[in-house]
Amino acid sequence: DFDSEDNSNEVKYPPVESRVPIITVPHGLVNDGGYALCMGSYVLATRDSTVRFLNPWKGLSFDPIGLSYVLPRLGWEFRQESADYPVGMLMALTGYEADAFDMVETGLATHYIDSPTKVGILERELGSNVVPWEQQGLYRKRKKLYGQKDDDDVTAGGGPGGFRGRRKRFDPNDKYRNVAVANVLHSISEFDASGKEMLASVDAEMRRLEDPSLVLEHDRFFMDAPRSSQAVNIAAAFADFFAREKSVEGVVEQLKEVASSHKEKSDPEERECGEVAADLASKMESACPLSLK
């Protein structure tokens, strides 16, 4: 099945295509390479989901688990505001612990669900209402006569030196596959990374009229909390430092200067900005000692 014209010693593997979308729920703290295990088709963040990258603290790089590719591209997939700011660099250099809102607003998670108990609903829906992959689609499979050549086939993995042996038949229902899975996730989520609010106005009205004694204060906060990302806000506030400076030491010096100049400010917001800058500088010095020598 492999290309016989290629005489190199390099092993060519066939392209891997999964028919089943991988759904992960990182409920709790995820460290470093643990996030690589969550990088599936859908990542569902809960109220207790957090992620942080401490590789520099351990003297390790971000590869071979692919974080050096993922972090600089946060927000790209869903065209989010976080794509305009160095959120990935902030998380990489400071060990910032991103919460569920940070994960969704940067694309580290695709959906937000308020409780992990909804995973049970998801399992029942996928098991009872989603038909097998082969049965999904709108068009019937094209008939093929005996001895007929596959003229409408496409070559998988073509290209110079690529895997060109096996052929893949054209599938008119390809764009309809697993749409039902996406619809189920849509129904159990509060919002997703593309910015769509899932809760209808009637649901919001029902929450307003319900008995307050039946809802815990912790649950009420997450039900009514506005969508915002502290990581994106911090990255936006200090984006000029990361863009202007070419070294970790230069960024740290800029942050220390802001922390020193804002320490005695009368405005509470300016003092808070100085405190955040001091905290970031301290974490960067601890996380990246080799870059500062």
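Two strands pair if DSSP finds at least two bridges between them. Strands (E, at least two residues) and helices (H or I, at least four) are DSSP runs, numbered from the N terminus. This is a predicted model: local features need pLDDT of at least 70, side-chain atom pairs count only at pLDDT 80 or more, and totals for chains, interfaces and linings use all residues. Residues are numbered from 1 along each chain as its sequence is written, and side-chain values use heavy atoms, without hydrogens and water.

- Four strands form an open sheet in the order 1-3-5-8, with mixed pairing.
- Strand 1 (23–24) and strand 8 (191–192) are the edges; each has a single partner strand, so one side of each lacks a neighbour in the sheet.
- Strand 3 (residues 42–45) and strand 5 (residues 111–112) run parallel, joined by 2 bridges.
- Ala 45 has Tyr 112 of strand 5 as its bridge partner.
- Helix 5 (residues 179–188) packs on the sheet and touches strand 1, strand 3 and strand 5. Contact means heavy atoms within 4.5 Å.

**The helix pair**
- Helix 10 (residues 248–261) packs against helix 11 (residues 268–287) at about 150°, with axes 8 Å apart. Axes are lines fitted to C-alpha atoms, for helices over the stretch in contact; angles run from 0 to 180 degrees between N-to-C directions.
- That makes the two helices roughly antiparallel (angles over 145 degrees).
- Residues in the contact include Val 248 and Leu 255 of helix 10, and Ala 277 and Met 284 of helix 11.

Key. Angles under 35 degrees count as roughly parallel, over 145 as roughly antiparallel, 65 to 115 as roughly perpendicular and the rest as oblique.
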